[in-house]
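Trainee: I would like to learn how to read pockets and salt bridges in a model. Please take me through them one at a time.

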Amino acid sequence: MGPLAGLRILEFASIGPGPMCAMLLADLGADIIRVDRIEPSGLGIGMAATFDVCARNRRSIALDLKNAAGRAAVLRLVATVDVLIEGFRPGVAERLGLGPDTCMTSNPRLVYGRMTGFGQDGKLAQAAGHDLNYIALTGALHAIGPKGGTPLPPLNLVGDYGGGALYLALGILSALFERNRSGNGQVVDAAMVEGAASLMSIFYGLVAAGSWQTERGSNLLDGGAPFYNVYETSDGRYVSIAALENKFFAELARLIGLDSKFVARQMDRSLWPELRARMTEIFRSQTREHWCALLEGTDACFAPVLSIREAPEHPHNRQRGVFVQVNGFAQPAAAPHFSRSKPAAPQPPPQSGAHTQDVLRDAGFSAAEIDALRAARAIA
C-alpha cells in the first residue's frame, strides 16, 4: 500500500534527519530495514522506542558494523535493496568498508543517500554540529527572532527536517527517477546547510530587490508587520493573524472593529506601531474561544495557536486525519494524501533487533549462516 510500495531501503540508524527521511518514505509504502547497533549507541535523547515516532514503519536488524562478519552480512543486504541511507560523519562509512564504491560494486543500481550537516567535503565537513549551527550559516537563524532581540532557534525544523530530511528524500526519489533512464544508481550528498539555504531562496531575492531588511522583526513575514503576527488573548492564550492582502485585512478590520484608516494605509510603516498597539488591545480584550467563534473560517486569515496537545483535537485536523493514534498516543499521519495509492496506517517503531532473523532469512541467509553470525557476535 502507498505510492512507494515495492521500494526497498536499508537505513543505518542515526539521529535527526536520517530517521525522519526514512519515516517519510516508509509512511508512503517503502519497505525499510533499519540497521541498529547491538549496544546502545548514545544517539538521540534517551527516548523509549515506543515513543520514537520517526522510527515507525520499519523492520530492525541489530548488527555490529565493526565486525567483519557483520559487514559482510550488510553487503549481502545491500545487494537486495534500491536505496541505502546513512548519516555518518564523512569518511566513516568508507572506513567501515561500507562506502558508496564498495556498496555500489555489490549493487550498481543502488541509490546511496548520505545525510550530513556540512556535506561530504569542504572546510567544515569533519566538524561536529547540529541543526542550529547549520542554519546559522545560511541566514535563516539570523532572520528569526524579535526586533532588538537575539535570534531564536526554530525548534530543529529548518535544518534537520526541512533542509535535511526533505531534501534527502527529494534527492533519493530524483535519483530513482533518473535510474529508470540510465539503469545506474548514484550518490545523493544531502547537506543540511545547503537544504536550509535553498529554503531561504525567496528571502535572498527580497533582499536583492531592496524589499527585505536584515534587521529581525522588521519585515512582512518575520513579525514586523502587525497584520502578520501573534497576539495574546485575555485568557493567556494566543491567536495568529496573517492578513497580508488588503482585501483580507479589510475583512479582519471589519470583524474586530479596526478603524478604516488602518485599512487604507495598511503598508504605511509609520502607522504600524499604532496599529500593533490597537490590535494588541483588541485581542487582549477577549478569550481565544471568542476569537475562534468570530474569525475562524473567515477570510481574515486567522487560526488559534494550538499546543502539541491541543492540535490533534482541532475539528479540521480530525476531519482531515492529520493525526493518528499509534501505540496509544497521537502523532502525525502520513502526508501528503493520494487519490489512489493510499498509505497503510502507521505501524509502531520496532525494538532494536526485533526482525534480525526474519530479515536475514528473507535475504537468503540459511539457518546455519544466521547461527554463525550470532556465534561471531555479529548480530544480537
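Predicted model: local features only at pLDDT ≥ 70, side-chain atom pairs only at ≥ 80, totals over all residues.

Mentor: Residues are numbered from 1 along each chain as its sequence is written, and side-chain values use heavy atoms, with hydrogens and water left out.

Trainee: What volume does the second largest pocket have?

Mentor: On a 1 Å grid over the protein atoms alone, a pocket is an open set of points where a 1.4 Å probe fits, with protein on both sides within 12 Å along at least five of seven lines; lining residues have an atom within 4 Å of a point. Points are joined across faces, edges and corners, and the volume is the space filled by probe spheres set on them. Here the second largest pocket has about 620 Å³. Its lining has 21 residues, and those closest to the centre are Ala 143, Ile 144, Gly 145, Leu 221 and Asp 222.

Trainee: Which residue classes make up the lining of the second largest pocket?

Mentor: Ala, Val, Leu, Ile, Met, Phe, Trp, Tyr, Cys and Pro count as nonpolar, Asp, Glu, Lys and Arg as charged, and the others, Gly among them, as polar. This lining has 14 nonpolar, four polar and three charged residues. Helices (H or I, at least four residues) and strands (E, at least two) are DSSP runs, numbered from the N terminus. α6 (140-143), α7 (157-182) and β7 (228-232) each supply at least two residues of the lining.

Trainee: How many salt bridges are there?

Mentor: A salt bridge is a side-chain nitrogen of Lys or Arg within 4 Å of a carboxyl oxygen of Asp or Glu. The count comes to 20. One of them joins Asp 82 and Arg 179, at 3.1 Å from N to O. Asp 82 lies in the loop between α2 (68-78) and β4 (83-86) and Arg 179 in helix α7, so the pair ties together parts 97 residues apart in sequence.

Trainee: Are Asp 82 and Arg 179 buried or exposed?

Mentor: Buried means under 20% relative accessible area, exposed over 50%, and partly exposed in between (1.4 Å probe, protein chains only). Both Asp 82 and Arg 179 are buried. In another salt bridge, Arg 318 and Glu 313 have their closest N and O atoms 2.8 Å apart. Arg 318 is exposed at 55%, and Glu 313 is partly exposed at 48%.
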